[in-house]
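Let us walk through a protein model step by step. Keep the sequence and the 3D view side by side as you read.

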Amino acid sequence: MSNQIPESVQSTDADQTVTAVVVEKVNLLGLSQSKLESFFESIGEKRFRATQVLKWIHQMGVDDFDDMTNISKALREKLNRLAEVRAPEVLEQLDSADGTRKFLIKVTGGSIIETVLIPDGDRGTLCVSSQVGCALDCSFCSTGKQGFNRDLTPAEIIGQVWLAAKSYGQFGEDRPRIITNVVMMGMGEPLLNFDPVVDSMNLMMHDNCYGLSKRRVTLSTSGVVPALDKLNGVTDVCLAISLHAPNDALRNQLVPINKKYPIAMLLESAQRYIEGLPDNRRKITIEYTLIRNVNDRPHHAHELVELLKDVPVKINLIPFNPFDLVDYERVSNTMLRTFKDILVNAGFITTVRTTRGDDIDAACGQLAGTINDRTKRSERYRAAAQAQEEPVKIIDS
Ligand code: SAH
Ligand code: SF4
């Protein structure tokens, strides 16, 4: 009978009690090339196996070692014992009338995160989450209102790209590429989950994986300056800064982390990153969510022009997407046009982000998921909303 006891379970005690020693399998899905090479070395195998396995996982979409046909049977058996390729579990897939697709993904611990694919002509932009919720609590963001549970693991971050590619049949040779761009603009603050986010973005750009150009992967941050300072040299993705206000007084109310790292400090850090890139002609994308009567007045636009006149930027205006729990409203179309015209006339490349996937709550800032909130913030906001207090009141500066 002893040969029926798996390797991971050893009978050790003299009183015949069977003690389970569960050896957790290494999930290869989230490992960078160098970490995968170290893994193979650690199990007594050659480093080049990493290249083979990376290609199987991220180019062919294979998650079963037995299907990795250029690997010997002995090694496949060894891998089956020690490792796995495990993508996060898709709980539900929602398709919008406009083609936007949202994945509800269950992660260990019971929370649900969200990933969105936005098709636009021959472009497909995947909006990827980096954390379960977000600790930063920006006043206009649905994710922020859900509170925070934990960082996502590298396998859970790159796993979102993997499962989206799978759902569109993108894997395999000569298949049309549906995901052409990735933006780290889903749930969470990517710079607060630094290493897993950097490893995942580098896998997205790796030739043996998804092969996306560095101009098609964008990290968006609300301004965690010390982490932004660390970014140079470890990746060369595009950078987007969630600014949303032209002065510190207003930004302190909208993006609370501004109290710690004010605008001037943030813009200097962003500029250092951009200037440090090998192709230093790139611009910083400035994201500016327009909220009616809060930050959408012409004087805000003029102040923004003054603030950014010497910074290499392009500006992306995002009409605020409403959700319950806050009483902000979307900018009016007239004000949006006026705001944009002021920026364009001042010489800024300015685009307006069209709202996509609204019917499935997949638009920017609407990704709420279901967070087992450790901070109890979501409870407080819901209680405030139920008591019909004014949950958030912003006084224009
Ligand atoms: N934490 C990062 C990335 C996720 S947020 C960051 O803040 O940059 C991605 C973008 O969506 C940010 O620019 C954010 O400000 C914007 N956003 C958040 N809530 C929004 C809302 N309700 N309507 C429109 N845009 C929103
Ligand atoms: Fe977090 Fe970004 Fe939302 Fe702010 S806008 S709460 S940083 S996800």
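**From strands to helices**

Start with strands β5 and β6. Strand β6 covers residues 101–106, and six bridges join β5 to β6, with the two strands running antiparallel. Strands and helices here are DSSP runs numbered from the N terminus, where a helix is H or I with at least four residues and a strand is E with at least two. Two strands count as paired if DSSP finds at least two bridges between them.

A word on the source. This is a predicted model, in which local features need pLDDT of at least 70, side-chain atom pairs count only at pLDDT 80 or more, and totals for chains, interfaces and linings use all residues. Residues are numbered from 1 along each chain as its sequence is written, while chains are lettered from A and ligands numbered from 1 in the order in which they are written.

Leucine 94 has lysine 102 in β6 as its bridge partner. The hairpin of these two strands has five residues between the strands. In that hairpin, glycine 99 takes a positive phi near 95°.

Follow the chain onward. Strand β7 spans residues 112–120 and pairs with β6 in the antiparallel sense, over six bridges. Lysine 106 stands opposite isoleucine 112 in β7. The hairpin of β6 and β7 has five residues between the strands, and here glycine 109 takes a positive phi near 105°.

Strands of a sheet pair through backbone hydrogen bonds, either parallel or antiparallel. Threonine 125 has asparagine 181 of β11 as its bridge partner. Next, β11 (residues 181–184) pairs with β12 (residues 217–221), in the parallel sense and over three bridges. Two bridge partners in β12 can be named: valine 217 for valine 182, and threonine 218 for valine 183.

Step back to see the whole sheet. How many strands form this open sheet? There are ten, in the order β5-β6-β7-β8-β11-β12-β13-β14-β15-β16, and the pairing is mixed. The edges are β5 (89–95) and β16 (350–352). Each has a single partner strand, so one side of each is left without a neighbour in the sheet. On average, neighbouring strands of this sheet are turned by 20° against each other, direction ignored.

Turn to the helices. Two packed helices are described by the angle between their axes and the distance between the axes. Take α1 (residues 33–42) and α2 (residues 49–58): they pack at an angle of about 125°, and their axes are 8 Å apart. Axes are lines fitted to C-alpha atoms, for helices over the stretch in contact, and angles run from 0 to 180 degrees between N-to-C directions. Therefore α1 and α2 are oblique to each other. Angles under 35 degrees count as roughly parallel, over 145 as roughly antiparallel, 65 to 115 as roughly perpendicular and the rest as oblique.

Which residues of α1 and α2 meet? Gln33, Leu36, Glu37 and Phe40 in α1 meet Arg49, Ala50, Val53 and Leu54 in α2. Contact requires the C-beta atoms of two residues, placed from the backbone, to lie within 7 Å. By class, this contact has five nonpolar, one polar and two charged residues. Ala, Val, Leu, Ile, Met, Phe, Trp, Tyr, Cys and Pro count as nonpolar, Asp, Glu, Lys and Arg as charged, and the others, Gly among them, as polar.

Move on to α10 (residues 298–308) and α11 (residues 333–345). They pack at an angle of about 25°, with axes 9 Å apart. That makes α10 roughly parallel to α11. Pro298, Ala301, His302, Leu304 and Val305 in α10 meet Thr338, Phe339, Ile342 and Leu343 in α11. This contact has seven nonpolar, two polar and no charged residues.

One more pair remains to visit. The axes of α5 (residues 154–167) and α6 (residues 194–205) come within 8 Å and cross at roughly 30°.
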